[in-house]
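Subject: Structure for you to look at

Hello,

Here is the structure I promised. Please open it and keep it beside you while you read my notes.

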Amino acid sequence: MTTTTPKKSPNIGAIVIITIAIGLNLVIAKMMANWSYSWFPPQASSAAPYVDDLFALETGIGSFIFFGCTGFMGWVLLFNRAGKYDESDGAPIEGNTKLEITWTIIPLVTVFLIATYSMNVNMKLQTLGPKHKYAIGTDPTVLIAKDPKADVGPIDVIARQWSWEFVYPNGVRSSELHLPVDQRVNFRLISEDVLHSFFVPAFRLKQDIIPGSIISYSLTPTKEGRFRLRDAMFSGAYFSQNQTNVVVESEATYTNWLKTTADQPLQPGLDPGRALYDRRLARGDKGWATVPPAPPPQVNDPGDPSIPHDA
Amino acid sequence: MTITNYDPRILKAPHPVPGAPDNWKRFFSFNTDAKVIGIQYIVTSLFFLLVGGLLAMIVRGELLTPPADLVDPTVYNGLYTMHGTVMLFLFLFPILNGFNNLLIPTMIGAPDMAFPRLNAAAFWLVPVFATVLMGSFFAPGGPASSGWWSYPPMSLQNPLGHFINGQFLWILAVALSGISSIMGAVNFVTTIIRMRAPGMGFFKMPIFIWTAWAAQTIQLIGLPPLTGGAVMLLFDLSFGTSFFRPEGGGDPVLFQHFFWFYSHPAVYVLVLPVFGIFSELFPVYARKPLFGYKFVAIASFGITFLSMIVWAHHMFYTGTPNWMRHIFMFTTMLIAVPTGVKVFAWLGTLWRGNLRLNTPMLFCLGGLFNFIFAGITGVMLATVPIDIHVGNTAFVVAHFHYVIFNTIGLGVFAGIYHWFPKFTGRMYYEGLGKVHFVLTFIGATLNWLPLHWAGLLGMPRRVASYDPEFAIWNVLGSIGAFMLGVASIPFILNMVSSWARGPQAPPNPWRAIGLEWLLPSPPPAENFQDDIPTVINEPYGYGLGRPLVEDEEFYVRRSQEA
């Protein structure tokens, strides 16, 4: 990176400059790593701190490499420019085997360490459970046992073109996902049409939902608030509308919500693609072809999308 | 030395084809001269760069504001799908095949490609599948709109039920593109192995030849599985089979394996020749030998090998079990090693050089700058827990474009400027070139740097609308995109006016070392004809005072007299 060609005798000036440059670069790298925490939404699940720490680590290492290499380029551009009529050649250095082996080994060891560390972090997340294939039309939920470590669930997450439906163990159905804080929740991810993805940025978690497969997925919210749940796997015409909120609340509020909602009658839930589809029909069905939106899910609590979300 | 110095292995190509025109008309004919085919590829693909760029600007126009208000979301989906498809299959693959055609025979001293007719046929498939793809805009229901991945079951939905639909034409065009690429790959690999000038052992080949070989090897290995996957997708779409349809017991995830087994290495097919361009240009404009030639050469095949075993990093969140995620995380991160070797070698080449900052060098330096950045975000994406958050968000879009445009695109422009005098016989205008560079570099940075933050905050990719908190990043991105559109104006002006009436180019305007620079500008048909030079030294002997070939003065004199 900022190493120079080897010299016969130690060049004090060069050593001083390189030491200062590396020191400065380390400081900048550390500052970038610290800054990187502010690039994320708030940490709202037990997975989020792991992801943010890992990202900060890689931002630090990456910044050191980036500013090292580009700083070197800047140096060369400042001091190794040819004059206007200078047609002479540069120093005829063909290579340096020791240096080349060094810059093969150091990245090798670095990525090996990063990968090993990331593997250990990944093992701590413990989100993905078993995945079972089933024939469409049959009930997949019988195939999967509840995550034994989960406190709540299983909650069925049903993704459609283009709406979300959540079914709780007591039979309550909702359009927004209500979760108690600090409890491990188990989901069964189900899609009946195309690929979708369960993505809550504040949780730093994402899992594709695959038609014909049921996937057991668990996570632990750690912060109360309303967080965006976004479909992150392209699912057709109104894909970008296919979002809802996750409402993380205290255990008492959650239990109370479950109880009172169970008494609510079923009504059409959130159907975010519908408005655009109706507008399209009103304009004479112009545009390119799309399947019509699935009928809105019948839920006990349709939620209120007008309440602003926290992240 | 005028005695014929001819390696009997070299096949003499049947050129000129009797009756082939020798004027501008040859560019519109089934010409078998690799230099004509190279220009055909490059001009065609630059046209489609404009088409793809126009589609991108509509996409960025839609994303200028949070709601979906510029075009209908279905139209938006079709536009971004076609943007990606056009840019990959009609701009990047063809333009790099254009470079292969121009540079492989001239750099290794071959008279032409090993199979000139196959070569011409491979090119003429490009307008064929371009027509199919562009025609899909007029198909009932519009063009394909399931993204350039065409993941089933979304890509199989066919809402109107017509047999001929956008997705059908899309698969057809991609399959034809694959056939064209395989024809090209067979040709390039054969030519490199069989038709090198006498004395040019593998470790005397220019790095561009190494990277082209490494890249085309990927094509030969990777394209058959993709084509197989595409055929199955076509059968599912048109003939009711259930390879990927869950209703019939198929597995949609299986397609993703077929797709990424080729389409991840495909990025290396594109980036490797650009590494070759960097490796050619840095020594010329730094006036120094390439630092660690052998390491750089071998690293190319290191990338080829690793590229074959990384594909599932696109599928970390599809339900891939942990053991598999971890294997693919390790292999993906390992790619940083051979690419790092190359980056450090380029930096070593610049060190204590005598840098000349003309347009090609500026594009190279800009491309290298961006590539270092892209490499770092690439390692982040390979990290499973980070990818689970940023995968399928604008962060990936930003990273991908940092590779595909900010590195590959800039490298392609560097190559165009650098070899423009050689193959057109005219000099380009330096001032316009620099304006093009400045607009491109600023526009590209403004376009994709901010999108990293949008992705980290959780903005999914491929959306037609987004929550207002992402607006600032998208406004900046859109301004950058429009700036890139403006950047094409000085480029087009420069290319057209220089080619038409630029000053005559000398055979070697950059005082570069390489067989192609021992030819007149433009090189005659069959390049060195019967008098192929014997290579006696490694390439890039800048400042070493050693000749590249036997009797170099003779070739220099001959190129100047032509």
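How far apart do the C-alpha centres of domain 1 and domain 2 of chain A lie? They lie 38 Å apart. Domain 1 of chain A covers 12–77 + 96–125, and domain 2 covers 129–299. Such bounds come from an automatic or database domain assignment.

Before going on, two notes. This is a predicted model: local features need pLDDT of at least 70, side-chain atom pairs count only at pLDDT 80 or more, and totals for chains, interfaces and linings use all residues. Residues are numbered from 1 along each chain as its sequence is written, while chains are lettered from A and ligands numbered from 1 in the order in which they are written.

Nine residues of domain 1 of chain A and 13 residues of domain 2 of chain A form the contact. Two residues are in contact if their C-beta atoms, placed from the backbone, lie within 7 Å. On the domain 1 side, six residues are nonpolar, three are polar and none is charged. Here Ala, Val, Leu, Ile, Met, Phe, Trp, Tyr, Cys and Pro count as nonpolar, Asp, Glu, Lys and Arg as charged, and the others, Gly among them, as polar.

**Between the chains**
Chain A gives 82 residues to the contact, and chain B gives 84 residues. The side of chain A that touches chain B has 48 nonpolar, 20 polar and 14 charged residues.

**The sheet**
Look at chain A for an open sheet of five strands. Its order is β5-β11-β10-β7-β8, with mixed pairing. Strands (E, at least two residues) and helices (H or I, at least four) are DSSP runs, numbered from the N terminus. Two strands pair if DSSP finds at least two bridges between them. β5 (177–180) and β8 (205–209) of chain A each have a single partner strand, so one side of each lacks a neighbour in the sheet. β10 (residues 225–231) and β11 (residues 243–249) of chain A run antiparallel, joined by six bridges. Within that pair, A:R228 has A:N245 as its bridge partner.

**The core**
The largest nonpolar core has 269 residues. A nonpolar core is a set of buried Ala, Val, Leu, Ile, Met, Phe, Trp, Tyr and Cys residues joined through C-beta atoms within 7 Å. Buried means that 20 or more other C-beta atoms lie within 10 Å of a residue's own. B:I108 and B:I209 have the most contacts inside this core. Helix α6 (residues 252–286) of chain B gives the most to this core, with 22 residues.

Best wishes

Notes: Buried ≥ 20, exposed ≤ 12 C-beta atoms within 10 Å, placed from the backbone.
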